[in-house]
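Visitor: Hi, can you walk me through this structure? Keep it quick, please.

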Amino acid sequence: TNQMVQNVTMSLQNMDNNESKSLITNASGFYEFIGMPENAPYKITAEKNIDHLNGVSTLDLVMMQRHILGLNNLSSAYKYKAADVNNDKKISASDLVELRKLILGIYSELPNNKSWRFIDKDANLNDLSQVFVANEYIYLDNFNSSTMNNNFIAVKIGDVNESATIKVNSPPT
């Protein structure tokens, strides 16, 4: 889906002097950095690490298991990323174990992963497994005021069937 995600911490780092600025996306999922020096290289990153169970259910476990067994492969690179629950850049039985522990309440959060991962929207993902090495940042060679459309694809870890609630009325944490 093409929904915007709110309450994401966006960080902009000046690669020349390491000056950085952070802000949180608004209710519409938008962000804008104002007052940063121009004509410098920057790196933009996104982070949201709350509500690990959002969108996670036993249906996700079933879909992951069917993929591992070769019965029904996951259909997108982003579903591959969501299924990599333990963040080891592959989909295996250990991802099932970690997700089951989250569902059963043994974990309140995933020990080796964040709740959300953000992939550069312009990443080349012709081979679905390329999502495991795709940039989780956007690099700008020369930042200026007209730099627009620096977007990420948000992936809710563990939510293979993409049922997570994107807009929740909760304060950022």
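Guide: We'll go through the sheet, then a helix, then some ring contacts. Keep in mind that this is a predicted model.

Visitor: Sheet first, then. In what order do the strands of the open sheet come?

Guide: The order is β2-β1-β3-β5, and the pairing is antiparallel. That makes 4 strands.

Visitor: Which strands stand at the edges?

Guide: β2 (20–24) and β5 do. Each has a single partner strand, so one side of each is left without a neighbour in the sheet.

Visitor: How much are neighbouring strands turned against each other?

Guide: By 20° on average, direction ignored.

Visitor: Now β1. How many bridges does β1 have with β3?

Guide: Strands β1 (residues 9–14) and β3 (residues 42–47) share 6 bridges, in the antiparallel sense. β1 is also joined to β2, by 5 bridges, and those two run antiparallel as well.

Visitor: What sits opposite Thr9 in β3?

Guide: Glu47 does. In β2, Thr9 has Ile24 as its bridge partner.

Visitor: Which side chains of β1 are buried?

Guide: Met10, Leu12 and Asn14 are buried, and they point to one face.

Visitor: OK, new topic: helices. Which residues of α1 are buried?

Guide: In α1 (residues 58–68), they are Asp60, Leu61, Met64 and His67. They cover an arc of only 125° around the axis, which puts them on the same side of α1.

Visitor: Why can residues that are apart in sequence point the same way?

Guide: An α-helix has 3.6 residues a turn, so residues three or four places apart point the same way.

Visitor: What do the buried residues of α1 pack against?

Guide: Two other helices: α2 (77–83) and α3 (93–103).

Visitor: What follows α1?

Guide: Gly70, which has a positive phi, near 75°.

Visitor: Last topic, rings. How many aromatic pairs are there?

Guide: The count comes to 3. One of them joins Tyr31 and Phe33, with ring centres 5.9 Å apart. Their planes are at 70°, so the pair is edge-to-face.

Visitor: Are Tyr31 and Phe33 buried or partly exposed?

Guide: Tyr31 is partly exposed, at 24% relative accessible area. Phe33 is buried, at 12%.

Visitor: Tell me about another pair.

Guide: Tyr80 and Phe132 form a tilted pair, 6.4 Å centre to centre with 45° between the planes. Tyr80 lies in helix α2, and Phe132 lies in the loop between β4 (116–120) and β5 (138–140). So the pair ties together parts that are 52 residues apart in sequence.

Visitor: How accessible are Tyr80 and Phe132?

Guide: Tyr80 is buried, with a relative accessible area of 14%. Phe132 is buried too, with 10%.

Visitor: And which ring does the charged end of Lys43 sit over?

Guide: The ring of Tyr137. The charged end of Lys43 is 4.9 Å from the centre of that ring.

Methods: Residues are numbered from 1 along each chain as its sequence is written. This is a predicted model: local features need pLDDT of at least 70, side-chain atom pairs count only at pLDDT 80 or more; totals for chains, interfaces and linings use all residues. Side-chain values use heavy atoms; hydrogens and water are left out. Buried means under 20% relative accessible area, exposed over 50%, partly exposed in between (1.4 Å probe, protein chains only). The arc is that of the directions from the helix axis to the C-beta atoms. Contact means heavy atoms within 4.5 Å. Rings of Phe, Tyr and Trp (its six-membered ring) pair if their centres lie within 6.5 Å; planes under 30 degrees apart count as stacked, over 60 as edge-to-face and the rest as tilted. A charge sits over a ring if NZ of Lys or CZ of Arg is within 6 Å of the ring centre and within 35 degrees of the ring normal. Two strands pair if DSSP finds at least two bridges between them. Axes are lines fitted to C-alpha atoms, for helices over the stretch in contact, and angles run from 0 to 180 degrees between N-to-C directions.
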